[in-house]
Amino acid sequence: MLTIVLIDDDPISTFVTEKLITKNVKEPCQFYKYHSAQTALDEIGDISPNYLFLDLNMPGMNGWDFLDHFHPKNNDAQIYILSSSVDQRDINKASQYQFVKDYLSKPLIKKYINLIFN
């Protein structure tokens with residue numbers, strides 16, 4: 001079973017992402033959904049996700065703060081930024097984090113799902 005963490009303060013975006021993955025990934029998935037990056041950071045050590053989808057613009061701890069505090073020592077999660085920002089500065093900044101696999105624009109689409117999970 002795949003373990004997937006979704007970190008996004010927008011419940012509609014989280015819902016759409018979860019449904020799209022569930023519909024297009026053959027393997028069973030267990031989702032952990034967080035509206036707070038801080039809560040996700042506090043609990044992620046107990047989850048050991050295979051995949052993590054992270055929004056950038058959130059109140060409190062944002063996605064950049066999460067990445068700065070996340071140290072995936074025993075975690076080989078594939079991390080994808082999923083953001084509505086198409087600012088080239090954000091895309092460039094994301095590429096500086098070696099454990100971030102890719103920067104994807106919202107909403108997640110089937111093409112991305114096929115690239116990530118196949």
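Start inside this predicted model. Select Ile7, Leu52, Phe66, Leu67 and Ile81: these have the most contacts inside the largest nonpolar core, which has 24 residues. Now colour by element. Strand 1, helix 2 (37-43), strand 3, helix 3 (63-69), strand 4 and strand 5 each give two or more residues to this core.

Leaving aside residues up to four places away in sequence, Ile7 touches Tyr34, Ser36, Ala37, Ala40, Leu52, Phe53, Leu54, Asp55, Met58 and Phe66. Leu54 is also the bridge partner of Ile7 in strand 3.

Strand 1 (residues 2-7) and strand 3 (residues 51-54) run parallel, paired over four bridges.

Five strands form an open sheet in the order 2-1-3-4-5, with parallel pairing. Which strands stand at the edges? They are strand 2 (29-34) and strand 5 (100-105); each has a single partner strand, so one side of each is left without a neighbour in the sheet. From one strand to the next, the twist averages 20 degrees.

Finish with two helices. Select residues 11-24 for helix 1, which lies across strand 1, strand 2, strand 3 and strand 4 (78-83). Helix 1 runs at about 170 degrees to strand 2. Then select residues 110-117 for helix 5, which packs on the sheet and touches strand 1, strand 3, strand 4 and strand 5. The direction of helix 5 makes about 145 degrees with that of strand 3.

Note on methods. Residues numbered from 1 in each chain as written. Predicted model: local features only at pLDDT ≥ 70, side-chain atom pairs only at ≥ 80, totals over all residues. Heavy atoms only, no water. Pairing = 2+ DSSP bridges. Axes fitted to C-alpha atoms, helices over the stretch in contact; angles between N-to-C directions. Contact = heavy atoms within 4.5 Å. Core = buried A, V, L, I, M, F, W, Y, C linked by side-chain atoms within 4.5 Å. Buried < 20%, exposed > 50% of the residue type's maximum accessible area, 1.4 Å probe, protein only.
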